[in-house]
Amino acid sequence: MLRKPCFKPCASLLIGLLWVSCLVSAAGAETAQGSGEFNGERPRIGLVLAGGGAKGGAHVGVLKVLEGLHVPIDCIAGTSMGALVGAGYASGIPAPELEGFITGINWKSVVGGLGQRDLQPVEQKRAGETYSNSLEVGIQDGSIKLPGGLVNTSGIENLLRTYVARSRMQPNFDRLPIPFRAVATDMVTGEMVVIGRGDIATAMRASMAIPGAFAPVTTDRYILSDGGMVRNIPVDVARELCADVVIVVNLVEPEVKPEKLQTATQLLSRSMDVMIQANEELQLQSLTDRDIRIDVMMGDIGTSDFERVPDTIPLGEEAARLMTDRLRALAVSDAQYLAWREKVTAGQEIDARLTEVRYEGLQRVNPEFLAQRSQVQAGDTVDTAEISAEALRMSALQDFESVEYRLEGDAKEPALVWLPKEKRWGPDYLKMDLGVYASEGGDLGFAVYAKHTRKWINSLGAEWRNQIQLGSETQFSTSFYQPLTISQVFFVEPSAGFYRTLEDVFDDGERIATYEFNNLGGGIDLGVNLSNQAQVRAGYIYRQRDVRVDTGAALLPEGTEDDAGLMVSATFDSRDTPFNATRGMALALEYLLSDDSLGASRDWERVEMGLGMAVPVRKDIVWITVAGGSDLGSDLPADRAFMLGGPGSFPGFELGELRANQYWTASGSYLWQVKDIMSIRGQALYAGFRLQAGETYQRLDLVDEGLIYGGSVYLTGRTQVGPLTVGIGTTSADSWSLWVAVGRPIGHGTILERGIFR
């Protein structure tokens, strides 16, 4: 990485050189500018590609026209998305292949993280989802430490490494098929950094690192972020690299309307544009008559509209064709162009037999754990796709902020060196969550949640977990998750905690009392992680349970009891998200046995199961849920009865309105996508319609409704403030409910409401 150099020759030598050059240039200026020839030779052409996020796909359209006209390129300088396209072309990828690559990118996966949950270990999914936000902060030396960026960049980095896989083995960008420079900003000094050496994928990543959104690229000399802040159109960089003539691709947005600059967020966003436009103008003013400026009119396509990248390519072609006459002056003959094309074309595929696989730079994570999880081993013959898939699997682990790799030694039989970068704000992590629920019938609940996790306490990957929740459900708990093997297949987890809930009790639809349930106790689980989707646990559990009426009539027995015995649970989770899944399935099974021989003051048992499935239908979704529970013929206490009611289990009833010793319920929903909020992040609103049936047995209020039917309509989706649901439901039992829920789900009834499928 080199800063733009500054030469200071002595004054007398400089004057002499200037005098000679003036004589030479005066004699040949007319010929050079008029014919495109320099001293009888073809002028060296430098291509300058501007930054612009999703708009940068237009560069590919310009390259297609340049190839069609047989205009060879001698060097390339690019910023941000311009660096991405430029690096690919400089690496030897022709324009048609670039177009296929750019249009084939799944931006929801690369930027939005779609599919990453499939790669996460099941315990990582299970241990404390947050809903209102995904922010994770660190705790170091008693203070809060924020991550370097809000967006996980592992998908972007993996894309870049795959894109220029073979060129990554060339550390000198002058020796690429076409010499190349990427531009970044040093956040320490605020100066431009021109990157011409190192890992070309890292160079692109640095040039694209939008401050705040993406973590910077840190080296021993610099902290590098998006180059657009200092040089969005690096004309001077191209001239210094090689260019006699510069072709500049400028991405032009429509003039901003004053009415679009009213809010704080609009003005903040505009401030970055103003800063970029200022440095762009300085570079564009340096263009000479022989340089060519291609202005691509982007219309309503914005920087973040990555799913519209395919639409930008024709815009680039159209703009370049408007400059056909001037571009033809730089064209060469068919034979010359074919020779140039053959010289600079290079494939990026890797097909190698690995002599070694090793992990470097780890301070906390045990490399043996990564080795046992890996599907790429020494002796394997692998290609780019297989290495890329392994990088994604590793980056899905919550321990890393990014995963890099390099190939060393013989290109045919290299060593694969993994360079996973542990989170700088670890190993103590803190997550926060908020939730609110209200219904027209009188339900009102809120939750303020925080979870602390200390990772990798020992070489097996032990975790200390602490959770606090305040609100209608209060929780103080601690547990110690201890894997028993390096692979973390088997584990043990002792836990202790205090849990308090306020629950309403109904009599034939009438809210007659509010009860306070206080639970103090602990337990120990032995478990096995069967796959990334499945886990089974079994263990001992003890709860001292105090039941007290808070307001209203005393319908439930009051007092303190000891529940102690065996708990068995099994989970399967292949959903793409824990709330409003668009695909996948979740299954949960829970069995509880309380027995006096195990320390209980009362004997009972119960079993409950829930199943949910999401099936995508174009942009819409079909949801199917089934759940049921039984007391298995035991004397199930009234305070341990199953509860139904609320949007999570049976819309049309209030939360926990039905209490019974046995139940079953089944539902089907169809959700129409009505608003794409931020497609790349999977945020959308759906209008849903749900039909449901169910039945309860041995209800607490002794009412026998028989088979109950219900229907509901609602608006739901993942938004920028978290999950949002507004709905109304009615049942054949002459009940109805209108509700609104935001953020962390509120509910403590059936296994459905405890998080299996929302």
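Okay, let's start with a sheet. Three strands make up an open sheet here, running in the order β12-β15-β14, and the pairing is mixed. At the edges sit β12, residues 356–359, and β14, residues 400–409, and each of those pairs on one side only. On average, neighbouring strands in this sheet are turned by 20 degrees against each other, if you ignore direction. Before I go on: this is a predicted model, so keep that in mind throughout.

Now, how does β12 pair with β15? The two run in the parallel sense, with four bridges between them, and β15 covers residues 414–422.

Let me zoom out to the whole chain. We've got 18 helices and 32 strands in the secondary structure. Along the principal axes, the C-alpha atoms fill a box of roughly 105 × 55 × 45 Å. There are 758 residues in the chain, and 52% of them are buried. As for contacts, take those with a separation of 6 or more: 67% of them join residues 24 or more positions apart.

The chain has an accessible surface of about 33,000 Å², and carbon and sulfur atoms account for 57% of that. On the charge side, I count 70 positive and 97 negative charges, and their mean positions lie 7 Å apart.

Next, a helix: α8, residues 154–163. Is α8 enclosed or open? Nine of its 10 residues are buried, so α8 is largely enclosed by the rest of the structure.

Last stop, Val547. You'll find Val547 in strand β22, which spans residues 534–552. Why does Val547 count as buried? Because its relative accessibility is 3%, and the cut-off for buried is under 20%. So what does Val547 touch? Leaving out residues up to four places away in sequence, Val547 touches Tyr515, Glu516 and Phe517, then Pro557, Glu558 and Gly559, and also Asp639. For a sense of scale, pick Pro171: Val547 and Pro171 are 376 residues apart in sequence, and 70 Å apart in space, going C-alpha to C-alpha.

That's my tour, thanks.

How values were computed
Residues are numbered from 1 along each chain as its sequence is written. This is a predicted model: local features need pLDDT of at least 70, side-chain atom pairs count only at pLDDT 80 or more; totals for chains, interfaces and linings use all residues. Side-chain values use heavy atoms; hydrogens and water are left out. Two strands pair if DSSP finds at least two bridges between them. Axes are lines fitted to C-alpha atoms, for helices over the stretch in contact, and angles run from 0 to 180 degrees between N-to-C directions. Buried means under 20% relative accessible area, exposed over 50%, partly exposed in between (1.4 Å probe, protein chains only). Contact means heavy atoms within 4.5 Å. Accessible areas come from the Shrake-Rupley method with a 1.4 Å probe; for residues, only the protein chains shown count as cover. Lys and Arg count as positive and Asp and Glu as negative; His and the chain ends are not counted. The place of a charge is taken as NZ of Lys, CZ of Arg, CG of Asp or CD of Glu.
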